[in-house]
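Work through the exercises below with the coordinates open. Each task is followed by a stepwise solution.

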Amino acid sequence: MDIIKVENISKAYQLGQFNTGTLSNDLKRWWSLFRGKDDPFLKVGEENDRTVKGGSGLVWSLKDINFDIKQGDTVGIIGKNGAGKSTLLKLLSQITSPTSGSIRIRGRIASLLEVGTGFHPELSGRENIYLNGAILGMSKAEINSKFDEIVSFSGVEKYIDTPVKRYSSGMYVRLAFAVAAHLESDVLIVDEVLAVGDIDFQKKCLGKMDDISKGEGRTILFVSHNLPMLSSLCKTGIVLKNGKLTYEGSSAAAINFYQNGEGSGMGHISYLNEEVKPGDDIAEFHEAWLEDSAGNVRGEFDIRESIKVVMKFRLKKDLIQPFLPNFHFFDQFGQHIFISAPLSNEKVKSTENIYRVECQIPEYFFNTGYFSIGLAVTSTDLGVKVSFYEQNALNFTVTEDFARSVFRDGTSGGAFPGVIRPVLDWKINSL
């Protein structure tokens, strides 16, 4: 069941002068909005690209956004500063209204958009729990029943009767998140505020959000520039760019799309139709792709699946020494994980021809996440010479359905750190 349905929402902001210039036109605008009609003086405006100076007085922070979110989904919203993420959350939190379009939400919403939202600096932490809880829609009886749990989770017991104006920003976030997380809401909306807290509290918050999503079936919308944190929490992702929705899919695929601009190289790259191909007078690169066990070309794989990396290139002349194809694997931060090359290529004659090379990655090798592959061919006739090296030529994601088994023995262990997660042979004996 869809708990959030967003249809063609747009949000425009007026730069400079806000009125129409005349009282009669202001009244016409008010009367149109009162009847639920479009603003008759709304100009077309321009998209929210902050890198370009515009000539219009109207900027579309969001433009024609459509998506549906089901109950229990954890959705990460990704984008650069100014992409429209916070504006979208404010619309969903009903802090502001869309210029056009509609938003339908079933149930109760709890939102944590800015540090200290709903807090009064002169009141103590205890008093602000009741104040903020009331703002979020909690009754006094509900706050009383959860008060000890909120204080314990926040970790500010010692300062609970101290005015919050003396709190650090991290203590603000601890208390504010504790209140929002313990509200019996159907939807929890969290902006970048968790970046203020320390690493232990961030882990604590992620654990809490994971519990209320999986254990209680509540929906979470999460905005963060911390992509590993977002990937570990969220199942799906939405990418915004200049106020427009450019991608919607799994969180790993969405992060990969965001990091690679337009998602180029997802599972396949080809220069066959290009007049000039990467390479030199020895070898030139033609094409590469990723295959599953059935031979399908894909860019997203389950952790239980093997992955075949295939590359085609042309050797432009005969060589004395064997050529050496090699693949370079990188994590989402661009860190080199490892290089793979054949141990021996002596049986293959290095003659002028088109070659196809394959590298098989076994199941349960990569951890969940997003990865890229650099493709290269090296020759050693006159010293080591790299004919071509296509960095980040192929991109792929590894996902995992925690509802199914993640180990071969059928047990489930949740998320794991690290970039690889091979299943090794273990021996356990009682002595």
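**Exercise 1.** Classify R126 by its relative accessibility, then find its salt-bridge partner.

Solution. Step 1: R126 has 34% relative accessibility and therefore counts as partly exposed; buried means under 20% relative accessible area, exposed over 50%, and partly exposed in between, with a 1.4 Å probe and protein chains only. Step 2: the side chain of R126 meets that of D161 in a salt bridge, at 2.8 Å from N to O. The term stands for a side-chain nitrogen of Lys or Arg within 4 Å of a carboxyl oxygen of Asp or Glu. Step 3: R126 sits in helix α3 (residues 125-135), while D161 is in the loop between α4 (140-154) and α5 (169-181), so that the pair links distant parts of the chain, 35 residues apart. Helices (H or I, at least four residues) and strands (E, at least two) are DSSP runs, numbered from the N terminus.

The model is predicted: local features need pLDDT of at least 70, side-chain atom pairs count only at pLDDT 80 or more, and totals for chains, interfaces and linings use all residues. Residues are numbered from 1 along each chain as its sequence is written, and side-chain values use heavy atoms, leaving out hydrogens and water.

**Exercise 2.** Which parts does the salt bridge between K5 and D68 tie together?

Solution. Step 1: the closest N and O atoms of K5 and D68 are 3.3 Å apart. Step 2: K5 belongs to strand β1 (residues 2-14) and D68 to strand β3 (residues 58-70), so the bridge ties together parts 63 residues apart in sequence. Step 3: K5 is partly exposed at 24% relative accessibility, and D68 is partly exposed at 37%.

**Exercise 3.** How many salt bridges does the structure hold, and which residues are joined into one network?

Solution. Step 1: the total is 17 salt bridges. Step 2: one of them pairs R298 with E305 at 2.8 Å, N to O. R298 is partly exposed, with 25% relative accessible area, as is E305, with 24%. Step 3: through salt bridges that share partners, D280, D281, K317 and K385 form one network.

**Exercise 4.** Is N326 buried or exposed, and what does its side chain contact?

Solution. Step 1: N326 is located in strand β15 (residues 324-330). Step 2: its relative accessible area is 9%, so N326 is buried. Step 3: the N326 side chain makes a polar contact with the T378 side chain at 3.4 Å. Such a contact is a pair of N or O atoms within 3.5 Å; within protein, one must be able to donate a hydrogen and the other to accept it, and residues adjacent in sequence count only if both atoms are side-chain atoms. Step 4: not counting residues up to four places away in sequence, N326 touches I339, S340, A341, G374, L375, A376, V377 and T378, where contact means heavy atoms within 4.5 Å.
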